Structure formats: structure tokens, C-alpha cells
Amino acid sequence: MPSIQFGHQQVHYQLAGDAGKPVITFLNGLTQNADLWQRYAAYFVPRGYRVLAYDMLGQGRSSKPVIDIKLAAHADLLAALLEHLGIETTHLASISFGGIIALDFAIRHGERLQSLTVMSTFAELTPQLELLGTVMLRGLAEAGMPYLQSMLYPMNMSSTWIAANRARIPAMMRAGYIGNDGYALQNLMESFAEFKPLTPDLHRITTPTLIMNGEFDFFTPRECHELIRREIENSRLLIIQHAYHAFTLELPAVTMRQLEVFIAQVEGGTWQGDQSVWVAAEDPAADIQWLPCAGDWMRAIRADQAEPAKRAPARKTPSRKKTP
Amino acid sequence: MIDPQRYDQARDRIAKQGFTSEIQTKIALLLTTAKNGNLMFHSGVQWMHNLSVVQQFILSQYSRELEAVTLLSRTTQWSHDPGLVAEGSRIVAPLVMAWGQIMMPPGPMLNPQAAYRGISLGHAQLARIRVTPVIPENADPLAPFVVALQRIEQENGRMLQTQIRLLKNMGSEVPIEAREALVEADQKLVDGVFNDFLQWLAAP
């Protein structure tokens, strides 16, 4: 795995595909590493793209600062890496923690971007996220990394995925435990102590932006993505059906297809950044991938109008006499 | 970085043979050497001038390392093979030498640079020497040695908190880059020892 020197730190990266092709750069979530995008590289390289992924500071094989790390350093590192590799512009796709870095990069280095995709992320700490972050950090500090890992699986993945992969989870946790360092994760999480909301600067992002949010993501729920959609004029919000936080891992075929559609629109000049809201098709082979979103996308349910004369639906347990 | 394959090889061997006295002895030799180094260091700095509230942290780290060494020594089924000690000593020699440099007169109590290096090396040990991934899934989770390893590693995570706080707050007169470089160098040192150790553990 090649590496570059960024200040006194070393950063390992993977670059696949032929020079001269459009580049898609992927940014990892907090506990991830560059290897997790290999499936994406295998998908996009034969379709005429170059794929760049790297272990961010504090992750995988890259340097893991112990004493201090500024959140802004991650976007600066990406700029340095692109410079080093002679990549003038890139499509940037990011998830969760990487999404914050991507937004920061788009605000400060927007001229380097052809498009921006942010998935399962946020631009500011909502009260819910702030408390969640605090409990995660406390769990890591007081109970250790296995505790945090155990907490993240149900937060990131669906019951269906957990049931199907239950036997593999101990081995996956072990691999995560070996590949991650608790102190490095802690440092990344503590860097949020100085985190200033990006929301006031989001309007400066003019690059085509796709915001992707899992339908059932309760870690970074719809409100986080709605804040981003409202502030970036040249954007669209795409909701991934039945998905939770880590849909890039759980539903890679769907995710890759949405990225492909978006990037093709940008490259083909047909992209319309109109802040509209869409729902991704569940079948990546379907002819139409983006379906119009009916109703209020901020809600999980839609209540019908109350009609006093209407009879209550039949019940199996008829003991209650009152109608709702 | 620790090569994940080394963990797999060591775990496969333990899965086949169980926690034999030879395997237990190898693990105990590594852990006790690392912890005795950190213990010796904390013993040396606990009466350092102007420690203030930090003294309590230092005493606590010292006590917890002592507990870990005691727990491990009591639960290990020690091998009688002196060859293991000879080979184990060779593998952990870089750690022993590094602690020796830190403890060299005038000692960390009177040498702030050595004191910072001690915190850094202790951090690297607690962060990088992680043996629970070699415990196979078929191991008895209630076996005293397995319980000891789990408890020690969990406590290592808590002790790491103190080391992180000390690294962040001590030595602020030294530029961050220089401190990070020192910490990274110590991690490489520990990684080298631990990679060799895992290879030794996997070897028949």
C-alpha cells in the first residue's frame, strides 16, 4: 500500500484505475479503513473511473496521532494527497465521519471537486447526536473498544443483516479490534470538542451534491441530512429504502448504483441540483433508479384525517370499546 | 502496525493445542516484562517534584500494573523449559533496553525528558500489546488464565486513559510534532516486539 508523508505523519492510500480517467475519492467512517472500498473500486474501475481510498489519520495503517488532531487537518490532508497524486479534480463520496470531512473540504477546497456525495452524515451536532457522541466516547474510555464495537453494530446495521451475519460478527469484531486503536478513535472523537457547525458555511458549496440517507438511520436521522439539503442549493436528497446508517456496507450494490447514476448525470451535464427529495430504487437493476418521494420526507408515518363517522378497523381483541 | 495474519496463526495454534503451559508461559513472559517496565517507571516517578494531582494517577497506574503482574503470575501454568525464558528474553530485549534507558541515572524523577518518554512507552505498550485476539473461540471463557487475559486487557484500556491525559498535558513546552514523533517511535518499537512475539507464539 503506497503512502505519502503529510507533515510528520504517514498516510497510506490505494489508487486503482488508469491515469486520465475521472477520479472518485472515498472517505471512510470513523472505524473504517481504505480496504472497505475495494468492492467499490472493483465496480467503478471497469466502468472507466479511477478510485482513490485511503486510511485517514487515526485509521488503519496511517499515522495515529495521540496528543492532538484538528478536525480541519483531515480536509487539508485530502488536498495534499490529491496534490501529491496530481489529481486536479475528483468526485468525492463520503460516509458518516468522512462526510463531515467532505463537507469541510467542499467548503474550503470546492474548486477541486466535480461532485460531492455525503452519506449518513451531519453538518452540526444536533442535541441528540451530541449526547450520542458523548455516550460513545464515554463507553470507549471507560469500558473499552469492544464495548464501542458492540454498540456500533446494532446502531449501524439492520436486524436482517445482523441475523444473517451473526456467526461472522465475532471474527469481524476481532478484525476491527486489531485494525483500530482505541486511543486513535478517542482522539478522533475528542476532536469534536472544537467542532464548529459547518451549517453556516454550507451555502458556499456550489458543486453538485448528492445527500444520501438511510430510511431507518437513527444514528444520523433525516434531520441531519435535511439541514444539509436546505443549505446547499445545488443538491438533492436521496433516501435509501430500508437502510440504516452503514448502508455502504450493508447495501453496496444499491449504493454503487446510486453513485453511478449521480456521477453520470454530473458528467453528462444532465444533473439538476434543485434541492428535491427522491427515493432510491431497491433493485439496482431497475431502469428507473430515483423515484419521487411522496409525502413528508421528515416523517416516518403519515396519519390519515380523522373521520368521526368512520368505524374503527376490526380488531382481533375486541375488548376495548373506544375508537381511536 | 501489527500484521493481522500473525494473530490468526497464533490463534489457530492455540485452537488446536489449547492453552498449554508453553503457550501460557510465552504470553506471561511478554506481558510481565512490559508491565514490570512500566511498573518500575511509575515507581520511579511517583515522588517526582510538583506532581500535584498527577501523583495520584501515577500511584494508581503503578498499583494496577502490580495487580496485573500478580494476577498473571498466579494464574499462569508456568513451563519448566528454561529455553522459553532465553528466547522470550531475546524477543522482549528492545523493551528491556528502552526501559533501561528511561531509568538510567539520574532517572525519570530528575529527568523530565525521560519521564515523558516513560509515559510514551507505557502508552505504546498498553495500546499495542493486545493479546485477547489470540484467544480462540473454543477456549473456556472461565479458565483462570483466559479470565486473567481478558481482565488485564480491559484494565489496559482504562489505564490508557491516564497515559493519554498525561501525554496530552505533560511536556507542553515540547512542540506537539516532536511529542507525536516520540510516541510514534515508541509504537514502532512495541509493534516490532509484538510482531516477533506473535510469530513465536504461533511457532510449534
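Helices (H or I, at least four residues) and strands (E, at least two) are DSSP runs, numbered from the N terminus. I start with that because I looked up B:I14 first, and B:I14 lies in helix 1 of chain B.

**Ground rules.** I number residues from 1 along each chain as its sequence is written, letter chains from A and number ligands from 1 in the order in which they are written. I keep in mind that this is a predicted model, where local features need pLDDT of at least 70, side-chain atom pairs count only at pLDDT 80 or more, and totals for chains, interfaces and linings use all residues.

**Entry: B:I14.** Is B:I14 buried or exposed? I find B:I14 buried, because 21 other C-beta atoms lie within 10 Å. The rule I use: 20 or more other C-beta atoms within 10 Å of its own make a residue buried, 12 or fewer exposed, and anything in between partly exposed, with C-beta atoms placed from the backbone. B:I14 touches B:F19, B:I23, B:V134 and B:P136, leaving out residues up to four places away in sequence. Touching, or being in contact, asks for C-beta atoms, placed from the backbone, within 7 Å. I also looked at B:I14 and B:I102, which sit 88 residues apart in sequence and 35 Å apart in space, C-alpha to C-alpha.

**Entry: where the chains meet.** I see 23 residues of chain B in contact with 21 residues of chain A. Which helix of chain B gives the most to the side that touches chain A? Helix 6 of chain B does, with 8 residues. The elements giving two or more residues to that side are helix 1 (4-17), helix 5 (112-128), helix 6 (144-169) and helix 7 (176-202) of chain B. By class, I note 12 nonpolar, 4 polar and 7 charged residues on the side of chain B that touches chain A. Here Ala, Val, Leu, Ile, Met, Phe, Trp, Tyr, Cys and Pro count as nonpolar, Asp, Glu, Lys and Arg as charged, and the others, Gly among them, as polar.

**Entry: two packed helices.** Helix 5 and helix 6 of chain B pack at an angle of about 150 degrees, with their axes 9 Å apart. Axes are lines fitted to C-alpha atoms, for helices over the stretch in contact, and angles run from 0 to 180 degrees between N-to-C directions. That angle makes helix 5 of chain B roughly antiparallel to helix 6 of chain B (over 145 degrees is roughly antiparallel, under 35 roughly parallel, 65 to 115 roughly perpendicular and the rest oblique). Among the residues making the contact I find B:I119 and B:L126 of helix 5 and B:M159 and B:L160 of helix 6 of chain B. The contact residues divide into 8 nonpolar, 5 polar and no charged.

Entry: Most residues other than glycine have a negative phi, and most peptide bonds are trans. I therefore noted A:S120, with a positive phi near 45 degrees in a residue other than glycine, and buried, with 29 other C-beta atoms within 10 Å. A:S120 lies in the loop between strand 6 (113-119) and helix 4 (127-142) of chain A. A:H242 has a positive phi of about 60 degrees and counts as partly exposed, with 14 C-beta neighbours inside 10 Å. I place A:H242 in the loop between strand 8 (235-240) and helix 10 (247-250) of chain A. Last, I found a cis peptide bond joining B:P105 and B:P106, with omega about 15 degrees. B:P106 is in the loop between helix 4 (82-103) and helix 5 of chain B.

Notes
Two residues are in contact if their C-beta atoms, placed from the backbone, lie within 7 Å.
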